[in-house]
Amino acid sequence: MVRAIGAQEIAPTRHAWAIEATALKVKAGRHLAVDGLDLALGTGVHGLLGPNGAGKSTLMRALATVVRPNGGTLRLLGTDAARTRELRRTRGRLGYLPQQFGYYPRFTVRDYVEYMAWLREMPASAVPAAAQRAIERVRLADRADKRLKSLSGGMLRRAGIAQAIVNEPDLLLLDEPTVGLDPEQRVEFRELIRELGTEACVLVSTHLVEDVVAACSDVVLMDLGKLVHQGVPADLVRLGENGGVGDSPAERGYSYLLAQHRGGAR
Amino acid sequence: MTRPLRIELLRSNAKGLALLLFLITALGVGAMYQFWWGQWLRFGYSQSTYMFVLMPLALAGGVVLGRRDRRTRARELMDSTGRPRWQRSLPAMAALGIGVAATHLLVGALGAVLTAGVVDGYLGARGFVAPLVDALVLVGAGWLGIAVGRRWGSPLLPPALAAATLVVQFAVQSMPAKSPLHHLDLMINNPPDAAWETVSTTALLARTALAAGFIAAGLLFAVGTSWASRTGAFGALAAGLAGLMFISAPGSAGQWQIDRAAQALVCADGTPQVCLTAVHAHMLKDVAPQARRALAALAKLPNAPTRAVEVRLPHLGRNDSEQWQLVKPEPGTVQFTLEIDPDTGKDPDVTDSIVMGGGTYWSGCGAPDDIAMSVSGAWLLGTDMVRMYFPPFGYLVTDHHEQEIRDALAALRALPEQEQLRRVTALRDAAARCEQELMPILTGEGEGR
């Protein structure tokens, strides 16, 4: 498949970070779920960890431009997220899998991925091949013409990932992507995001510390809307030697960091 | 846009809704086939009157589709994409619009095929406009439903809205015909009386206003997010409903008008001349021989008519059987009406009805003396009886007065031939002068008076 490449696609980027947040505040309803977050993420796979209520999903929604920040600054692929009119082009370079992944049950996998490609303003001529490639990458080619309502939970999640990557986004946001995947599928998923992370900024929000350690080049830990820690997965393993609870060194490192942060906060 | 539209056509409820509307219209119109068979304008009425139920269903179907994003929680994902809101709305709205409009036009096309293709009946251009306007009303109702479903997500909303729309239409039926609210009912309570009556310009304009209001309101509600667009949507909806209420005129005069092309005479080849209106022209082949047989029978009388023509009302029908007998014929012309048997699609009494009263049954004088006219008709045909068909009642005169007619006919035939001819001619001339007492002329009781 050969397609013409527009000047826009080969233009050099003018931003240092795919995600650049400064003193970011985002509300979830009336609650300030993200409270003064400073974060800068570039190309690579970043794991976003944190307990329930940490503000991970609210942050993901703000990064996906679904909700507007209530304070601070947020730049996505070099565009100020507060400037709604300029976001259209940026959204075309985004991929997003929400935690509560909505889909039309009567659509087939192919329908759904092609429809999302259209919504992400891909050129019409590129859509069929891109959709096929995305479906193959999540290993759903044999189910491509099955209706979404007939798929298992894990297959649905993979269809959700397919729609998120169909436009080969520069910024890919995956909120709890491995929910419902079996161990084999999780391994395949890790391979996929590692591959995607070579050219794009991939942010994966998850509760599964071992997924982050296995697949991510960078770890971001949040609690109560604030950044607790940012570093490499090896940091978690190393910190786990200091204590904490969990079945693996990384989990112990994760709980140790949270305990330290909460202790400090008191 | 082609790809998402194709997907929506295949996967949304547009297909199911279109099928539902098709089945309801087809069943409803099919149940009325005896009324419209072979007559395109009457088919149009039959289809249009079901708008009272099609419109609420299109509205409810739109709500179901509009609720989809909320029901499936897909909105968050959609909101992260670059397509502007109005573009995102287009595939679903277009699919629903195409579904309901295509269905309505398909039923109309089937009617046209049945009329022109099967019985070679008349197709008037105006008859195509009405289903087109109604299709736009359905599109607008569907789009309005989508907009409503996007804003209010209750699962009870689709049935509740459909039921409420139906209830409102039934409620306004009880209002005085002159009340503007009465026009909110899309059921047409006064069907066309004559076959050449077509939907009036005011009725078309009123429904066009409703369609425009629905479409504009649906677009503004579904696509716009500002207060200005919402206010505009309410304004458009109000304007559409106001247009329906105030452009429409009450009664038959507001609903129907004469299609002059449908009423124009079409004559059979050959002589003597036999002409029917264009809407009945497809029956000429069957009617002309019967009418010529009648003209030949009438030729026994002096100064007999040489031409048979279908009666044409110069005004809208008033659902009054006598109105057909108040139209004066042209000199040398005998008039008749077509009473079509719904089972056969034919008029079973063309010859008999023309010879009634020596060709004066439809002479512009109103209700005549049926018994005397039947006797003279049978005498002219040389038969024992003439049988006039009055749907849906059948052969009323014969059924009730058969023996009386037979007795009078026997008495007439007992007279010398010249006297028989003289009396029947006298009856014809008296009937043409609108005299009411005709039987004494045949029996001779009126002699010397």
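Q: Hi! I was looking at B:Cys267. Is that residue buried or partly exposed?
A: B:Cys267 is partly exposed, with a relative accessible area of 32%. Keep in mind that this is a predicted model.

Q: Okay, and which residue does B:Cys267 form a disulfide with?
A: B:Cys267 forms a disulfide with B:Cys275, and their sulfur atoms are 2.0 Å apart. B:Cys275 is buried, at a relative accessible area of 0%.

Q: Right-handed or left-handed, that link?
A: The link of B:Cys267 and B:Cys275 is right-handed, with 95 degrees about the S-S bond.

Q: How many disulfides are there over all chains?
A: The count is two disulfides over all chains.

Q: What about the torsion in B:Cys365 and B:Cys434?
A: The torsion about their S-S bond is about -70 degrees, so this disulfide is left-handed.

Q: Buried or partly exposed, B:Cys365 and B:Cys434?
A: B:Cys365 is buried, with a relative accessible area of 18%, while B:Cys434 is partly exposed at 29%.

Q: And what is the pairing if I number the bonded cysteines of chain B in sequence order?
A: The pairing is 1-2, 3-4.

Q: Let's switch to sheets. In what order do the six strands in chain A come?
A: The order is E6-E7-E8-E3-E9-E10, in an open sheet with mixed pairing. Strand E6 (94–97) and strand E10 (226–231) stand at the edges, each with a single partner strand, so one side of each is left without a neighbour in the sheet. Neighbouring strands are turned by 15 degrees against each other on average, direction ignored.

Q: How many bridges join E7 to E8 in chain A?
A: Five bridges join strand E7 (residues 171–175) to strand E8 (residues 201–205), and the two run parallel. A:Leu174, for example, stands opposite A:Val204 in E8(A).

Q: Which helix lies across those strands?
A: Helix H2 (residues 56–63) of chain A lies across E3, E6, E7, E8 and E9, running at about 150 degrees to E7(A).

Q: Now chain B: what order do the four strands of its open sheet take?
A: The order is E3-E4-E5-E6, and the pairing is mixed. Its edge strands are E3 (265–267) and E6 (333–336), each pairing on one side only. The twist averages 25 degrees from one strand to the next.

Q: How do E5 and E6 of chain B run, parallel or antiparallel?
A: Strand E5 (residues 307–310) and E6(B) run parallel, joined by four bridges. B:Arg307 has B:Thr333 as its bridge partner in E6(B).

Q: Which helix lies across that sheet?
A: Helix H15 (residues 284–298) of chain B lies across E3, E4, E5 and E6, at about 135 degrees to E4(B).

Q: At what angle do H11 and H12 of chain B pack?
A: Helix H11 (residues 201–223) and helix H12 (residues 227–247) pack at about 170 degrees, with their axes 7 Å apart. That makes H11(B) roughly antiparallel to H12(B). H11(B) passes H12(B) in a left-handed crossing.

Q: Which residues make that contact?
A: Among them are B:Leu205, B:Leu210 and B:Phe214 of H11(B), and B:Phe234, B:Leu237 and B:Leu241 of H12(B).

Q: Last one: where is A:Tyr254, and what does A:Tyr254 touch?
A: A:Tyr254 is in helix H10 (residues 249–265) of chain A, and is buried at a relative accessible area of 15%. Not counting residues up to four places away in sequence, A:Tyr254 touches A:Leu49, A:Gly50, A:Pro51, A:Val209, A:Leu221 and A:Leu236.

How values were computed:
Residues are numbered from 1 along each chain as its sequence is written. Chains are lettered from A and ligands numbered from 1 in the order in which they are written. This is a predicted model: local features need pLDDT of at least 70, side-chain atom pairs count only at pLDDT 80 or more; totals for chains, interfaces and linings use all residues. Side-chain values use heavy atoms; hydrogens and water are left out. Two strands pair if DSSP finds at least two bridges between them. Axes are lines fitted to C-alpha atoms, for helices over the stretch in contact, and angles run from 0 to 180 degrees between N-to-C directions. Contact means heavy atoms within 4.5 Å. A disulfide is a pair of cysteine sulfur atoms within 2.5 Å. Buried means under 20% relative accessible area, exposed over 50%, partly exposed in between (1.4 Å probe, protein chains only). Angles under 35 degrees count as roughly parallel, over 145 as roughly antiparallel, 65 to 115 as roughly perpendicular and the rest as oblique. A crossing is left-handed if the near helix is turned anticlockwise from the far one by less than a right angle, and right-handed if clockwise.
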